[in-house]
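Hi,

Here is the structure I said I would pass on. Have a look through it first, and then read on for my notes.

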Amino acid sequence: MTPLRLKEKVIESTFFLSSSLAIFINLAIIAILTFESYGFFHKVSPIDFFTDTQWTPFFYDKHYGILSLFAGTFLTTVIALAVALPVGLISAIYLSEYSHSRFRVSVKPMLEMIAAVPTVVYGYFALLFVTPLLKNIIPGLASFNSLSAGIVMGIMIIPLIASLSEDAIHAVPLMLREGAFALGATRLQVVRRVLLPAAFSGIAASVILGVSRAIGETMIVAIAAGLQPRFTLNPLVPIETVTSYIVQVSQGDAAAGTIEFQTIFVAGASLFVMTFILNTISYGLRKRYMQAYV
Amino acid sequence: MKKSFLKKLSRNEMNDRIFSVVGLLATLLGVGVFLVLLADVAMDGLKRLNWSFLTSFPSRNPFDAGILSAWVGTVWLMAVTGAIAIPLGIMAGIYLEEYGKRNKLAGFIEVNIANLAGIPSIIYGLLGLGLFVRFLDLGRSVLAGGATLALLILPIIILATREALRAVPVSLREASFALGATKWQTLKYQILPAAFPGILTGIILAMSRAIGESAPLIMIGALAYIAFLPQQLSDPFTALPIQIFNWVSRPQHEFAVNAAAGILVLLFITLMMNGLAIWLRYRFEKKVRW
C-alpha cells in the first residue's frame, strides 16, 4: 500500500469510528437504564409498578405506582397538544398556501427563535406570568398546576409542528393544486380536500414528534406544574410528571444503589420506551411521504 | 337550483376569506406570545441587571447575589462540549455522507442517529450520570457536564454537516477526481470549504441549544450555590440555566427578579447565536449559485 492510500484508509477509519459512536451511545443508554431498572424490579413487583396509583418513594408507606406520574405526563401532553396542534397546523397551512413569500421569509426566523428559547425560560414564564394571569379567570387554580405548564409547553411546540407540517404541505406537487383550482375550488377547499389528505403522513409525523417532545419536556413542568404525584386528570391542581420526578430526585442526594436512586432510572426507562416508539413511528411516516413526493 | 349554487359558491369564498384571517392570527399568535415573554422578563429583570450582578457570586441575600460563577461555568462547559462534539460530529457527518453511502452498517448508524436526535434531554442526563459521573468516575465535574452536553448535541452537528455536504454539487467532486485528486484531497480542498458556512450554521445552533440546557446538568449534579470558579476540568460547577432554575424555585419575589435578570443574559446569548446562524444561512443561500 502506498503512503497516500494508507493515509486515505486511516482517515476513512477515523471518520467511521466517530460515526459508529452513535451506536455506542444508544447501547450505553439502553444498558444503563436496563441495569438500574433490573435492580429496581428485584425489589418492586412489576404488577404493583404498573397498577398501583400511588407514587410515594420517600414516604414511610412506600408505593411505586408509576401510573400517577404517567397521569401527570399525559395531562400536560394533552394540554400542550390542544394548543400546539390547531395553532401549528393552521399556521402551516397559512404559511404554505395563503401568505406572501415575503411574509413567510420574515416569520420563519421568528418561529425558529421561539423554538430556541431555553426551556427554563418558558418555565419562568409559565409560573410567574401565565399562572397569575389564569388565576384571574379561574379562581380555583393552584399556584402550581398542569394547565399553565401545558399551555406554555404547547407554545414551545408550535414552531415544531408548524415548520414540519409546512414542509409536508409544501411538498405536495403543484399539479394537484392546479387540478383542483381548475375545477373552481377555493384555496380552503384545496387545502381540505386535496392538500391535507395528500400531506397526511407528513403532518402526522410532525404531530407525533410534537407529542414526543411534550412527553420528554422537563424544565417547564418541573418549575410550574408542582412536584406532587397525583393520579388525576384535573388540570388545576399540582401534579408531577415522569420527567419532573427525575429532576426532583436528582436535586437531592439519593445514594447510588438505593431504591430511590433506581426509581429515576426506571422512570427514565419508561420515558425512553415511550419516546422511542413515537419517534420511530414519526420517522417511518416521514420516510413515506418523502418517497411519495420528493 | 341556480340560486342555491351561487349561495354555496359565495359561502365557500367567505370561508376562504375567513380562514385567511384566522391563519394570519394563528401565525402571529406564537410571535405575539414570544414578544409578551420578552417584555415580561425585561420588565422584571432589567432593573436588576448591572455590573455587580455579572461579577458577584450567588448569595443568600438576593440583592448581593450575581451570576459570576454561573456564566463562567457556562463558558467552561461550552469549551468542553465544543471540543468534543464539533470534531466528532463533523467527522461522523462526513463519513455518513461521503464514504458509507450505500452500505448496511452506515444505514444502521443513521437509524441510531435519528433515534438519538429524538431522545429527551433528561435521558442524556441519566446517561451522563451513569456513564461519566459513576462508571468513568469523573464525579460531578465540568468534564462530566461538558461531555454529557456533547453527546446531546452530537446528532444535531452530524445532521447539519450532512445537509451542508449534500448541498455541494456532484460536479465539483467529479471535476476534482478527474484531476487525479484522492477522496480526502477532494474533501479537504473542494467540498469542505464549500460546505463550511452550512456546517458553521449547524454548529452555532447546536451550541446555542447546549447553552440553554438545564435538565441534564441537574441530573449530573451541577450545584446552584458555587462561590468559586472552576480552575480545572475536575472541579464542580454551576451554569447559567441552573442558577436561573434555582432562583425561580424560591418563593421570595426578589429571587424571581434575579431569575429574570439571569434570563435576560441567557436569552441575549441564545438569541444572538440564533440570529447569527439565520443570517449566515440567509447570506449563504443568497450568494452561492452553483
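Predicted model: local features only at pLDDT ≥ 70, side-chain atom pairs only at ≥ 80, totals over all residues.

Let's begin inside. The largest nonpolar core has 165 residues, and the members that touch the most others are Ile29(A), Ile157(A), Ile264(A) and Leu217(B). Helix α11 of chain B (residues 253-287) provides the largest share of this core, with 14 residues. In chain A, domain 1 (3-43) and domain 2 (67-293) both contribute residues to the core, so it lies between them.

Next, how do the two chains meet? On the chain B side 76 residues are in contact with 73 residues of chain A. Together the chains bury about 6900 Å², and 78% of that is on carbon and sulfur atoms. There are polar links too: 11 residue pairs in polar contact, counting pairs where both are at pLDDT 80 or more, and 3 salt bridges. Which part of chain B gives the most to the side that touches chain A? That is helix α1 (residues 2-45), with 22 residues. As for a salt bridge between the chains, have a look at Asp16(B) and Arg187(A), where the closest N and O atoms are 3.2 Å apart.

Now for the two domains of chain A. Their centres, taken over C-alpha atoms, are separated by 30 Å. Where they meet, 10 residues of domain 1 are in contact with 11 residues of domain 2. The area buried between them is about 900 Å², with carbon and sulfur atoms giving 76% of it. On the domain 1 side, Leu33(A), Glu36(A) and Phe40(A) supply 55% of the area buried against domain 2, more than any other three residues.

Finally, the salt bridges. Over all chains, the whole structure has 11 of them. In chain B, Glu97(B) pairs with Arg162(B), with the closest N and O atoms 2.9 Å apart. This pair links distant parts of the chain, since Glu97(B) sits in helix α3 (residues 68-99) and Arg162(B) in helix α6 (residues 142-166), 65 residues apart. Both Glu97(B) and Arg162(B) are buried.

Arg173(B) and Glu98(B) form another salt bridge, at 2.6 Å from N to O. Arg173(B) is in helix α7 (residues 170-178) and Glu98(B) in helix α3 of chain B, so this bridge ties together parts that lie 75 residues apart in sequence. Arg173(B) and Glu98(B) are both buried as well.

Glu213(B) and Arg209(B) also make a salt bridge, with 3.1 Å between the closest N and O atoms. Here Glu213(B) counts as buried because its relative accessibility is 9%, while Arg209(B), with a relative accessible area of 35%, is partly exposed. There is a network to look at too: Glu97(B), Glu110(B), Arg162(B) and Arg166(B) are joined into one by salt bridges that share partners.

Cheers

Technical notes:
Residues numbered from 1 in each chain as written. Chains lettered and ligands numbered in written order. Heavy atoms only, no water. Core = buried A, V, L, I, M, F, W, Y, C linked by side-chain atoms within 4.5 Å. Buried < 20%, exposed > 50% of the residue type's maximum accessible area, 1.4 Å probe, protein only. Helix = DSSP H or I, 4+ residues; strand = E, 2+ residues; numbered from the N terminus. Domains from an automatic or database assignment. Contact = heavy atoms within 4.5 Å. Buried area = accessible area lost by both parts, 1.4 Å probe. Salt bridge = Lys/Arg side-chain N within 4 Å of Asp/Glu carboxyl O. Polar contact = N/O pair within 3.5 Å; in protein donor to acceptor, adjacent residues only side chain to side chain.
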